[in-house]
Amino acid sequence: MKKTLRVIALLLLAAMTFSMVIGCSDTKDTGTETTNQSDTAASGDDTNDTAANATALNVPDVNYDGQEFRVLTKGTSQTQWQSVDIYSESASDDAISNAVYYRNLAVEEQYGIKVVEDSVADYYNQTAEALVYGAAGVGEYDMYCLSPETAVSVLINQGYVYDLNEMTYMNLEAEWYDQNSIEQLSLDGKVFMVTGSMLTMDDDATGAVLFNKELAEQYNMPDFYQMVRDGTWTIDVLTQYAALAVNDVNANGQLDAASDVFGLLTEYDETNALVAGAGLLMISKDSEDYPEVAATNENYYNMLEKVLNIVNNFDVTLFAEKVSGYSDVWTDCMDVAFKESRALFYACWLNRATLLRDMEDDFGILPYPKYDEEQEEYWSFVSTYCANSISVPTYVSDIDFVSTAIEVLSYESLYGDHSLTEAYYSQTLEYRNARDEESSEMLDIIFGNTIFDLGMMFDWGSISSLVQQTSGIDGGTASGFSSSLASNSKAISKAIEKTMDAVMSQ
């Protein structure tokens with residue numbers, strides 16, 4: 001488990017009245033087909049770090065006397081994915097907003113760095129504003145906090161963001177940066193973006209499976225938490241119990257989104273995410289940190305087939321993109337079905353745990369299921385579309401100032417008196433629906449092994465789209481995926497080559 005998660009456990013011990021149980025130690029260790037580095041994600045660092053022996057800050061003893069650190073963010077126009085981790089105007093009852101306010105205040109008082117947030121004009125076209133500044137070679141922002149998939153990938157292709165290895169005072173090996181994001185998204189040894197303790201939207205964009213405790217008890221289902229601990233929580237188990245929960249309440253011979261009980265709620269992007277639960281990537285990297293296609297692996301195909309067996313079974317599953325008649329399918333349909341205890345499982349991003357705050361029945365949080373019991377660890381997919389990240393535009397000249405600001409904000413977010421990391425755990429679990437020792441334990445497991453897939457971030461040759469196109473088809477299987485991938489192989493290779501030419505020329 002990543003050392004950052006061990007730090008979180010220490011912080012929570014001081015703030016919560018129950019003991020934390022680290023679930024990975026109970027997971028079966030019987031060997032798994034996901035250990036081949038050519039098609040799997042990295043497993044993280046097992047160093048036993050604690051807050052007491054945290055990595056020391058190594059920044060200048062300088063006060064910048066109120067110099068503004070300007071950040072371009074996604075803003076608040078998209079209500080389900082608001083940027084809340086960069087700036088807060090005042091102290092607040094909201095755990096995250098309060099932590100952000102006091103973090104920024106501490107940094108301003110100690111280092112004279114004043115955080116200023118600006119929002120993109122159009123959430124759905126984040127790249128446009130950044131591209132204008134990049135092309136001009138001059139701009140007003142010190143850091144971008146934008147989507148890796150829709151914005152940063154384009155900026156990398158254009159050569160408009162720095163390799164963060166060049167940032168003088170950023171210690172990329174420190175625990176306040178997500179080491180999985182660094183290892184999995186680097187290119188040619190260059191790190192153009194990173195996630196970490198300064199941010200919470202990447203946590204919100206991490207996938208999980210919520211389950212309705214009332215329905216699980218009603219149908220006399222097993223203890224799913226214990227299955228996770230025992231290493232028996234697999235995609236076949238999810239499929240089995242999802243089918244048992246289905247109920248055609250109005251007895252009209254079909255499942256209706258507004259009235260019946262489903263075994264699973266899901267969407268297109270969750271197909272990629274559930275496959276990644278096996279520790280499998282669409283795009284991996286070779287020993288030279290050069291991208292290569294991994295989805296041709298037989299293990300990938302087998303997991304995709306298992307996932308499609310449940311997500312494309314519309315006698316069990318409510319698939320968001322197949323639902324019509326709602327102005328917002330998430331808030332008006334999917335979330336409503338789960339709140340009304342009309343779904344056993346909800347494969348979603350962790351932002352739903354907060355958005356479901358007014359749900360009356362209890363729900364729990366589980367990691368994505370494994371391929372089989374032989375798989376050693378659970379893996380959690382991070383949506384590079386929904387997440388945000390830290391990147392620095394190449395027009396920035398004062399690298400010392402910018403790198404110092406990023407470093408101290410990140411450090412303070414993890415170890416400060418008002419830890420943003422602790423606040424995120426608290427907010428995710430504070431609602432009575434999810435407040436139990438088990439769900440906190442599950443969050444440690446979920447955040448312990450995260451997967452960031454270059455295939456989703458860049459969608460080279462439409463590789464990510466090819467996976468998505470296999471889902472949302474009633475009864476659809478993986479039979480055509482291999483041939484579609486083969487047909488697109490040249491386009492994928494050319495797209496990778498184009499990106500790498502840009503990267504290696506920098």
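Tutor: Contact means heavy atoms within 4.5 Å. The model before us is predicted. Leaving aside neighbours within four places in sequence, Ala-495 is in contact with Trp-460 and Gly-461.

Student: In which helix is Ala-495 found?

Tutor: Ala-495 belongs to helix H20, which covers residues 489-504. The C-alpha atom of Ala-495 is separated by 9.0 Å from that of Phe-458, 37 residues apart along the chain.

Student: Why does Ala-495 count as partly exposed?

Tutor: Buried means under 20% relative accessible area and exposed over 50%, with partly exposed in between. Ala-495 counts as partly exposed because its relative accessibility is 22%.

Student: How is a sheet to be read?

Tutor: Strands of a sheet pair through backbone hydrogen bonds, either parallel or antiparallel. Here, five strands form an open sheet with mixed pairing, in the order S8-S5-S9-S4-S10. Strand S8 (317-319) and strand S10 (363-366) are the edge strands, each pairing on one side only. On average, neighbouring strands of this sheet are turned by 20 degrees against each other, direction ignored.

Student: In which sense do strands S4 and S9 pair?

Tutor: Strand S4 (residues 207-212) and strand S9 (residues 343-349) pair in the antiparallel sense, over five bridges. Phe-211 stands opposite Phe-345 in S9.

Student: Which strands does helix H12 touch?

Tutor: Helix H12 (residues 329-339) packs on the sheet and touches S4, S5, S8, S9 and S10. The direction of H12 makes about 135 degrees with that of S9. Helix H9 (residues 235-244) lies across S4, strand S5 (262-266) and S9, and runs at about 135 degrees to S9.

Key
Residues numbered from 1 in each chain as written. Predicted model: local features only at pLDDT ≥ 70, side-chain atom pairs only at ≥ 80, totals over all residues. Heavy atoms only, no water. Helix = DSSP H or I, 4+ residues; strand = E, 2+ residues; numbered from the N terminus. Buried < 20%, exposed > 50% of the residue type's maximum accessible area, 1.4 Å probe, protein only. Pairing = 2+ DSSP bridges. Axes fitted to C-alpha atoms, helices over the stretch in contact; angles between N-to-C directions.
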